[in-house]
Structures are given as structure tokens and as C-alpha cells.
Amino acid sequence: MEKPTYLIETSEDGFQHNFDSIGKHKTIKKSVRFYPFEDNSSVYELAFGDINDDGTIDVKTVSNHDDMAIVLNTVIQTIYRFFELNPEKSVAFMGSSSSRNRLYRAIIGKLYDESNDNFEILGWNYDGTIEEFIKNKDYFAFQIGLK
Amino acid sequence: METKRRLLKYDKSIFTVNPELNSKNMPMSNEQKKSHDLLNNFFKNAKKKDLE
């Protein structure tokens, strides 16, 4: 079954993806970007948010646009593309606000349900330990890579 | 690596490559830099539990 997504403009290397979130009254430009960790170039941070005028992204706000399911599906598609182009890398992400946390937990939950056979999913605990992801457990951050 | 690539099925038709987008053109706000550094430091010091 096909899930609704937005059309995505993407970089050739799979590190940057932009799309328009279309609401009843306005359109918001959003971006999903993958930034390497300075100390480990095999791990990338997934950052997602509205594109600011200066080209940075707002990593805290979640626009209330009644299109959360479409946005969620679109972000997940960018993760698939990232891994197709960068199969040896892994991706980490955390919510910088409670609403953003909910969004990322929903992404991980969907990936876990739909593609657990493809992905290794790890949970980063608040005590500084990393473990295999346990569904519905509260984590500081998540990490995902191909099995 | 090819084995891993074959496992991924997603809707490629929704993607259009824009040559103006690339990893060198992804500025970070101060707010974003803070959370990026936080994640980076966490990972640097993290201990993996029961992962073989």
C-alpha cells in the first residue's frame, strides 16, 4: 500500500532533502539533513525542521499543519534514500523538544514495525549507555543502521 | 554493501536531484550546533550494553 508523501528535492550524495509541507493556508519549506559526527564519520545526525531565511533549519518547532502523517512518511523516505547511498553509515537523532521527541519516536516506531528485518535500531539511554531498541521505552536518542 | 542496498525498497519516484543541494551547503544555527555537539559528545563517551 502506498503511503502519501511529499515530493522531495535531494542532493546527489543523499545528505540533504528539501520538501514543501502544504497546509490549508500556507506552504512551509522543510529540510532533512544528515551531518557527520566530528569524532566518528560513520555516524550521522539526522536534523529536520523548517528552513529559516538564512538557510539553517529550525530544529525545535513542529508546525501544526495537519499533515503530520505525510511529513512523517516523507522523512522516512529520506532515511531509506540515505541508506541506499550510504549503506555503511548509521544515523542518530534526538528530539530537542517534547513535540520533536514525539515525532522521532513515531519515526523509529514505524521503521521498527515496517522494516525491523532491514535495520539495527539502538536506543541511547540517559545514563550514557546504548542498547538494542526496546519499543515504547523512553530514550535520550536513537541510532539506526542497516543490518 | 550491495546486499544491504537490495533490501531497501522505497518510492524513488518522489525524489528529484537538485545539483544546488549538497553537504557543503547545510549551515547550522547555534541552537542546532548545540544539540549536534551534545549528540556527538554522548556518542564519544557512550558504553554499549549487551551488544555483540
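## Interface of chain A and chain B

Between chain B and chain A there is 1 salt bridge (a side-chain nitrogen of Lys or Arg within 4 Å of a carboxyl oxygen of Asp or Glu). That salt bridge joins E84(A) to K12(B), with 2.7 Å between the closest N and O atoms. This is a predicted model, in which local features need pLDDT of at least 70 and side-chain atom pairs count only at pLDDT 80 or more, while totals for chains, interfaces and linings use all residues. Residues are numbered from 1 along each chain as its sequence is written, chains are lettered from A and ligands numbered from 1 in the order in which they are written, and side-chain values use heavy atoms, without hydrogens and water.

**Extent and composition of the interface**

- Chain A contributes 58 residues and chain B 38 residues to the contact (heavy atoms within 4.5 Å).
- About 4500 Å² is buried between the chains, and carbon and sulfur atoms give 63% of this (accessible area, 1.4 Å probe, lost on putting two parts together, summed over both).
- In polar contact across the interface are 18 residue pairs, both residues at pLDDT 80 or more (N or O atoms within 3.5 Å, one able to donate a hydrogen and the other to accept it; residues adjacent in sequence count only through side-chain atoms on both sides).
- On the side of chain B that touches chain A, at least two residues come from each of α1 (2-7), β1 (15-17), α2 (30-45) and β2 (47-48) (DSSP runs: helices, H or I, of at least four residues; strands, E, of at least two; numbered from the N terminus).
- The element giving the most to this side is α2(B), with 11 residues.
- By class, this side of chain B holds 17 nonpolar, 11 polar and 10 charged residues (Ala, Val, Leu, Ile, Met, Phe, Trp, Tyr, Cys and Pro are nonpolar; Asp, Glu, Lys and Arg charged; the others, Gly among them, polar).

**Strand pairing between chains**

- Strand β1 (residues 8-10) of chain A pairs with β1(B) in the parallel sense, over 3 bridges (pairing requires at least two DSSP bridges).
- I8(A) has F15(B) as its bridge partner in β1(B).

**Salt bridges in the whole structure**

- Over all chains, the structure holds 9 salt bridges.
- One of them links K3(A) and E114(A), whose closest N and O atoms are 2.3 Å apart.
- Because K3(A) lies in the segment before β1 of chain A and E114(A) in helix α2 (residues 98-115) of chain A, the pair ties together parts 111 residues apart in sequence.

**Confidence**

- The predictor assigns the complex an ipTM of 0.86 and a pTM of 0.89.
- Chain A has a mean pLDDT of 88, with 97% of its residues scoring at least 70 (the predictor's confidence in each residue, from 0 to 100).
- Chain B has a mean pLDDT of 80, and 75% of its residues reach 70 or more.
- Within chain B, mean confidence is lowest in α1(B), at 53, and highest in β1(B), at 96.
- Where pLDDT is low, the predicted coordinates should not be read in detail.
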